[in-house]
Amino acid sequence: MIEVYDLQKHFASGFIKKKYKSAVQSVSFSIEKGETLGLVGESGCGKTTVGRMLLRLIEPTAGRIVFDGLDITSLKHAEMRKLRPRMQMIFQDPESSLNPRMKIGESIAEPFRLGLGGRCSRSEIRNQVQELVDIVGLNREHVNRYPYQLSGGQNQRVVLARILAINPEFIVADEPTAALDVSVQAQILRLIMDLKSEFGLTMLFISHDMEVVRHMSDRIAVMDKGRIVEIKSSKDS
Ligand SMILES: Nc1ncnc2c1ncn2[C@@H]1O[C@H](COP(=O)(O)OP(=O)(O)OP(=O)(O)O)[C@@H](O)[C@H]1O
Ligand SMILES: [Mg+2]
């Protein structure tokens, strides 16, 4: 589903004298359809940078990314836009991916209104939103609230509902529970696992927590200072 060859990212710093800092150096891996690859490593080792490059949210300095047989490394923005719905990212902080001025129900309905899941009538959209609200374990009353009126865990459920509305094949989950209360972390992880298997998703699951990564992944890639130092089955670790 995803193949990555020799991916690199150097960030420029300094305005007068340009300096380059290498955040990711020569990372290669692949993820099979339906598989979860865990990406684990210390803070600052380059995990988020890898995740964002996979979806071309930031541009790689070098290397190649192949998505479902298609080399997307140098796709133009317009072509990338067409592909975007097939690849989605879950961020640590759910509020950052929700529009604060949109009611929860509107946020979940938006992908349908934009026609991402095919054309739908208003009543069809309403039914789909209700169904998604149930699937992610939200309450129907939440639909009329704003993100600031929900807890972090509830907002992460909204993010998941929205992503399901977009119906992607590949997901990058970047520390999706790190900002949540410990008591709800396990629930959200469980939900991600369930949705993953129910909808046959392929996933890159990023965390600095080896326990969590082992629990969530089929294979684990260990990163250190911008490199993958080991890829192993989660059963062997
Ligand atoms: N936009 C940027 N400009 C300059 N440097 C950056 C930028 N984004 C990341 N970096 C640097 O690249 C390195 C890798 O950062 P990255 O966010 O990928 O790490 P991470 O493994 O996700 O860390 P964490 O576990 O803390 O989220 C860090 O040294 C960081 O400071
Ligand atoms: Mg990160």
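Author: A cavity here is a set of points, on a 1 Å grid over the protein atoms alone, where a 1.4 Å probe fits but cannot get out. Its volume is the space filled by probe spheres set on the points, which are joined across faces, edges and corners. This is a predicted model, in which local features need pLDDT of at least 70 and side-chain atom pairs pLDDT 80 or more, while totals for chains, interfaces and linings use all residues. Residues are numbered from 1 along each chain, and side-chain values use heavy atoms, without hydrogens and water.

The whole structure has one cavity of 30 Å³ or more. The largest cavity holds about 60 Å³ of space. Its lining (residues with an atom within 4 Å of a point) includes Ile90, Leu160, Ile171, Lys196 and Met203. By class, nine of the lining residues are nonpolar, none is polar and one is charged. Helices α5 (152-166) and α6 (182-198) each give at least two residues to this lining; helices are DSSP runs of H or I, at least four residues long.

Next, the packing. A nonpolar core joins buried residues (under 20% relative accessible area, 1.4 Å probe) of the kinds Ala, Val, Leu, Ile, Met, Phe, Trp, Tyr and Cys through side-chain atoms within 4.5 Å. The largest such core has 38 residues, and Ile108, Val136 and Phe205 have the most contacts inside it. Its largest share, seven residues, comes from α5. Beyond its neighbours within four places in sequence, Val136 is in contact (heavy atoms within 4.5 Å) with Arg157, Leu160, Ala161, Leu164, Leu191 and Leu195. Apart from this core lies another, of 31 residues, including Val4 and Met89.

Technical notes:
Chains lettered and ligands numbered in written order. 1 Å grid on protein atoms, 1.4 Å probe; cavity = no way out; pocket = protein on both sides within 12 Å on 5 of 7 lines; lining within 4 Å. Nonpolar A, V, L, I, M, F, W, Y, C, P; charged D, E, K, R; others polar. Buried < 20%, exposed > 50% of the residue type's maximum accessible area, 1.4 Å probe, protein only.
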